[in-house]
Amino acid sequence: MPGTDGRVVVGPLRPFCRRELQRDPVSAARALLNALLSCSGRLVRIVEVEAYEGSKDPASHAFGGRTPRNATMFAEAGHLYVYLSYGIHHCANVVCGPAGEAGAVLLRAATPVAGLEGADVAAGRLGADRLASGPGRLCRALGITRAHDGIDLLDPGAAVRLWRDDLVPPRRALCDGRVGLSERCGDALYWPWRFVVPGAAAVSRPVPGRRARRPV
DNA sequence: TGGTAGATTGGC
DNA sequence: CCAATCTACCAG
């Protein structure tokens with residue numbers, strides 16, 4: 001399937017394996033690199049993610065227990081958790097981890113593959129490769145909103161779906177501290193839980209002081 | 001019941 | 001550097 005800018009899908013799309021997501025958030029995060037996400041007839045390839053654990057991760061929305069907003073983080077792995085950031089931007093997560101434990105992988109950046117050429121995608125002054133760069137822009141590019149919160153990404157009938165093709169996760173992902181956390185997260189600021197496909201354009205800049213940037 | 005900070009982004 | 005704008009959480 002050719003993209004608007006020369007990028008392509010490698011081999012047939014098949015649904016992402018739920019089992020890959022039922023492991024701990026860090027393993028699930030690594031597994032999601034180079035996976036594909038579709039919504040509204042658009043398709044992107046995930047190139048930057050962050051892992052969030054439930055109860056022991058001060059940066060997690062689920063750290064303080066279940067609330068109306070974070071309820072989906074407690075759902076079965078493979079569901080979509082969408083929250084509103086700063087009252088404006090939607091951010092998409094893939095729920096992960098063993099049943100009964102809250103966990104999620106924040107999708108921070110993706111590469112356009114197909115369907116992003118429409119005028120409705122705010123192509124205005126952002127280059128095509130930046131359309132889905134950043135968690136807020138990723139959702140805007142795909143048309144994901146809180147209305148999609150709680151859907152099963154592995155359900156063949158779902159509006160948002162998660163796919164795998166023949167491009168597997170990188171053997172060595174770039175890895176460093178998570179972006180955007182408040183200082184009160186303490187130690188967790190430096191946990192190397194952000195993962196990036198090496199060489200991917202338009203991913204978040206590492207936070208100064210948290211920039212390990214070493215393949216792990 | 002009001003104040004504030006936040007897994008962000010774009011504009012001045 | 002700051003505003004936009006909604007939710008969760010905490011102080012009083």
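Visitor: What makes Arg-178 count as lying over the face of Tyr-52?
Guide: In this predicted model, Arg-178 is 4.6 Å from the ring centre of Tyr-52. The cut-off for a charge over a ring is 6 Å, together with an angle within 35 degrees of the ring normal. Arg-178 therefore lies over the face of Tyr-52.

Visitor: Why is the pair of Trp-191 and Trp-193 called tilted?
Guide: The structure holds two aromatic pairs. In the pair of Trp-191 and Trp-193, the ring centres are 5.0 Å apart and the planes stand at 55 degrees. Stacked needs under 30 degrees and edge-to-face over 60, so this pair is tilted.

Visitor: Why is Trp-193 buried, and why is Trp-191 partly exposed?
Guide: Buried means under 20% relative accessible area. Trp-193 has 17%, so Trp-193 counts as buried. Trp-191 has 22%, so Trp-191 counts as partly exposed.

Visitor: How do you know that helix H3 is largely enclosed?
Guide: Six of the eight residues of H3, which spans 135–142, are buried, so the rest of the structure largely encloses this helix. Among the buried ones are Leu-138, Cys-139 and Leu-142. Their cover includes strands S2, S3, S5 and S6. Just after H3, Gly-143 has a positive phi of about 75 degrees.

Visitor: What surrounds DNA strand C?
Guide: The residues around DNA strand C include Thr-67, Arg-69, Tyr-86 and Ile-88.

Notes. Residues are numbered from 1 along each chain as its sequence is written. Chains are lettered from A and ligands numbered from 1 in the order in which they are written. This is a predicted model: local features need pLDDT of at least 70, side-chain atom pairs count only at pLDDT 80 or more; totals for chains, interfaces and linings use all residues. Side-chain values use heavy atoms; hydrogens and water are left out. Rings of Phe, Tyr and Trp (its six-membered ring) pair if their centres lie within 6.5 Å; planes under 30 degrees apart count as stacked, over 60 as edge-to-face and the rest as tilted. Buried means under 20% relative accessible area, exposed over 50%, partly exposed in between (1.4 Å probe, protein chains only). A residue is near a molecule or strand if one of its heavy atoms lies within 4 Å of it. Helices (H or I, at least four residues) and strands (E, at least two) are DSSP runs, numbered from the N terminus. Contact means heavy atoms within 4.5 Å.
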